[in-house]
Amino acid sequence: MIVCESALAQGLVDGDSLLAAVQRARYRRGVEAARAVVAAASRLSESPGETRTLLVLRSLPLPAPVQQFGVQVGAHTYRLDFAWPDLRVGLEFDGLVKYTGAIPTSEILKRERERENALVDDGWVIVRITWSDLAHPLRIQAMLERAFERARRYRAA
């Protein structure tokens with residue numbers, strides 16, 4: 001799934017071409033698994049962590065999220081990895097890649113705090129998860145259920 005979503009996100013292949021390739025291989029071993037991957041693949045996952053997060057979210061009894069949801073706050077548009085816009089709840093996957101580039105980690109952390117503060121000030125509830133959380137889907141479910149409840153209380157107040 002990670003390879004498939006990465007290829008789709010980078011524009012290396014399109015969904016129709018993948019489906020056609022799976023159809024041509026209809027009698028080969030593993031084609032059913034390949035068909036399931038292609039059918040479930042998202043073109044919106046921007047990292048292996050987001051792909052894994054989406055798979056976990058799909059396995060839980062939660063409403064389906066919107067991927068890469070844009071939120072306009074003042075002059076800025078912030079994109080949430082996953083969002084439940086009707087509740088104003090966002091889920092962010094925090095991998096380590098963004099902290100190892102040319103921009104100093106302290107600057108990245110500063111920008112992330114400013115971004116999250118702006119979203120929270122705009123009424124969003126933000127949940128952050130990491131690689132270690134992905135091994136515990138029920139932990140993610142509990143975090144999101146608490147966030148949904150918190151968001152409902154904010155709306156009622």
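Predicted model: local features only at pLDDT ≥ 70, side-chain atom pairs only at ≥ 80, totals over all residues.
Let me start with the overall picture. The chain has 157 residues, of which 38% count as buried, and its C-alpha atoms fill a box of roughly 55 × 40 × 30 Å when that box is taken along the principal axes. There are seven helices and four strands, and if you follow the elements from the N terminus on, they run α-α-α-α-β-β-β-α-β-α-α. If we take the contacts between residues at least 6 apart in sequence, 57% of them join residues at least 24 apart.

Now to helix H2, which covers residues 15–24, and helix H3, which covers residues 31–40. The axes of these two helices come within 10 Å, and they cross at roughly 165°. Since angles over 145 degrees count as roughly antiparallel, that crossing makes H2 roughly antiparallel to H3. The crossing in which H2 passes H3 is left-handed. On the H2 side, the contact is made by Leu-18, Leu-19, Val-22 and Gln-23, while H3 contributes Val-31, Ala-34, Arg-35 and Val-38. Sorted by class, this contact of H2 with H3 has six nonpolar residues, one polar residue and one charged residue.

Which residues of H2 are buried? They are Gly-15, Leu-18 and Val-22, and because they cover an arc of only 65° around the axis, they lie on the same side of H2. As a general point, an α-helix has 3.6 residues a turn, so residues three or four places apart point the same way. On the other side of H2 we find Asp-16 and Arg-24, both of which are exposed. As for what the buried residues of H2 pack against, the partners are helix H1, residues 2–9, and H3.

Is Gly-90 buried or exposed? Its relative accessibility is 0%, and therefore Gly-90 counts as buried, given that the cut-off for buried is under 20%. If we leave aside the neighbours of Gly-90 within four places in sequence, this glycine is in contact with Leu-80, Phe-82 and Ala-83, and also with Trp-124, Val-125, Ile-126 and Val-127. There is also Leu-144, which is 54 residues away from Gly-90 along the chain, and here the C-alpha atoms of the two residues are separated by 9.0 Å.

Notes: Residues numbered from 1 in each chain as written. Heavy atoms only, no water. Axes fitted to C-alpha atoms, helices over the stretch in contact; angles between N-to-C directions. Parallel < 35°, antiparallel > 145°, perpendicular 65-115°, else oblique. Left-handed = near helix turned anticlockwise from the far one by under 90°. Contact = heavy atoms within 4.5 Å. Nonpolar A, V, L, I, M, F, W, Y, C, P; charged D, E, K, R; others polar. Buried < 20%, exposed > 50% of the residue type's maximum accessible area, 1.4 Å probe, protein only. Arc of directions from axis to C-beta.
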